[in-house]
Amino acid sequence: MTESFVPVRIKVRERPELMERLGAQWTPTIIVRGPDGKEAHRIEGFLEADDFLGQLLLGLGHLAIQQGHPARAEEWFADVLETLPETDAAPEAQYWRGVSRYKASNDPAALADTARAFEERYSDSTWAKKSAIWRVPAAAR
Amino acid sequence: MIQWREDVDAALEDAAAQQRPVLLDFTAAPA
């Protein structure tokens, strides 16, 4: 992980002012920020190991999008789907993989494919609802 | 083992200088 990030621990009992200054409202909170200080992702509250890892991978994906590397972002999101499919991060990863593909290709078929993927998997998730607008009517397929 | 930095301001400056992203971990665990 230290290869991907500079890991910084803020002990809020010792430095309470840093919570407000750096944008945390509760602990534990993990914030992924780009080198320019822009927030890419945050994890608020405790998570078990697999869910936490899924969220970190989402963070790397969002960071890649923020830095203008959608193809790399797609790889991070695909990693979540392949290695952590049962975690809460997986539906979000499926959504953002589609967005990354679209950003990389400018092909709206990437979004339609994502909506179709949600019909097969994670159909009850909030992310499925968000992708519903990308559905191509059956008659038009 | 993750080598957490606790020198927050210096770490943020280093990250910017090295063009590396930052992982901020806010914890209320006892020291």
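**Note on salt bridges, a helix face and an aromatic cluster**

1. B:Asp25 has a relative accessibility of 8%, so B:Asp25 counts as buried (buried means under 20% relative accessible area, exposed over 50%, and partly exposed in between, with a 1.4 Å probe and protein chains only). The model is predicted: local features need pLDDT of at least 70 and side-chain atom pairs count only at pLDDT 80 or more, while totals for chains, interfaces and linings use all residues, and side-chain values use heavy atoms, with hydrogens and water left out. Residues are numbered from 1 along each chain as its sequence is written, and chains are lettered from A and ligands numbered from 1 in the order in which they are written.

2. Which side chain meets B:Asp25 in a salt bridge? The partner is A:Arg9, at 2.9 Å from N to O (a salt bridge is a side-chain nitrogen of Lys or Arg within 4 Å of a carboxyl oxygen of Asp or Glu). B:Asp25 belongs to strand 1 (residues 22-27) of chain B and A:Arg9 to strand 1 (residues 6-11) of chain A, so the pair joins two chains. Helices (H or I, at least four residues) and strands (E, at least two) are DSSP runs, numbered from the N terminus.

3. A:Arg21 is partly exposed at a relative accessible area of 47%, and B:Asp9 is partly exposed at 36% relative accessibility. A:Lys11 and B:Glu6 also meet through their side chains in a salt bridge, at 3.3 Å from N to O.

4. How many residues of each chain are in contact? For chain B the number is 24, and for chain A it is 31 (contact means heavy atoms within 4.5 Å). The size of an interface is often given as the accessible area lost when the parts come together. Here chain B and chain A bury about 2,900 Å² between them, and 61% of that lies on carbon and sulfur atoms (buried area is the accessible area, with a 1.4 Å probe, that two parts lose on being put together, summed over both).

5. Helix 1 of chain B has buried residues at B:Val8, B:Ala11, B:Leu12 and B:Ala15. Viewed down the helix axis, the buried residues fall within an arc of 100 degrees, so they line one face of the helix (the arc is that of the directions from the helix axis to the C-beta atoms). The exposed residues B:Glu13 and B:Ala17 are carried on the face turned away from the buried side. The cover over the buried residues includes strand 1, helix 1 and strand 2 (29-33) of chain A, together with strand 1 of chain B. After the helix comes B:Gln19, with a positive phi near 55 degrees.

6. Over all chains the count of salt bridges is 12. Among them is the pair of A:Arg116 and A:Asp113, with the closest N and O atoms 2.5 Å apart. These two residues are three residues apart in helix 5 (residues 109-120) of chain A, so about one helical turn separates them. A:Arg116 is partly exposed at 31% relative accessibility, and A:Asp113 is partly exposed with a relative accessible area of 36%. Elsewhere, salt bridges link A:Glu39, A:Arg42 and A:Glu44 in a network.

7. There are three aromatic pairs over all chains (rings of Phe, Tyr and Trp, the last by its six-membered ring, pair if their centres lie within 6.5 Å; planes under 30 degrees apart count as stacked, over 60 as edge-to-face and the rest as tilted). A:Tyr95 and A:Trp127 have ring centres 5.0 Å apart and planes at 55 degrees, so this pair is tilted. The pair links distant parts of the chain, 32 residues apart: A:Tyr95 is in helix 4 (residues 89-105) of chain A and A:Trp127 in helix 6 (residues 126-131) of chain A. Both A:Tyr95 and A:Trp127 are buried.

8. One aromatic cluster is formed by A:Tyr95, A:Trp96, A:Trp127 and A:Trp134. Over the ring of A:Trp127 sits the charged end of A:Lys130, 4.5 Å from the ring centre (a charge sits over a ring if NZ of Lys or CZ of Arg is within 6 Å of the ring centre and within 35 degrees of the ring normal).

9. A:His62 lies in helix 2 (residues 49-66) of chain A. Is A:His62 buried or exposed? A:His62 counts as buried, because its relative accessibility is 11%. Not counting residues up to four places away in sequence, A:His62 touches A:Ala40, A:His41, A:Phe77, A:Glu92 and A:Trp96.
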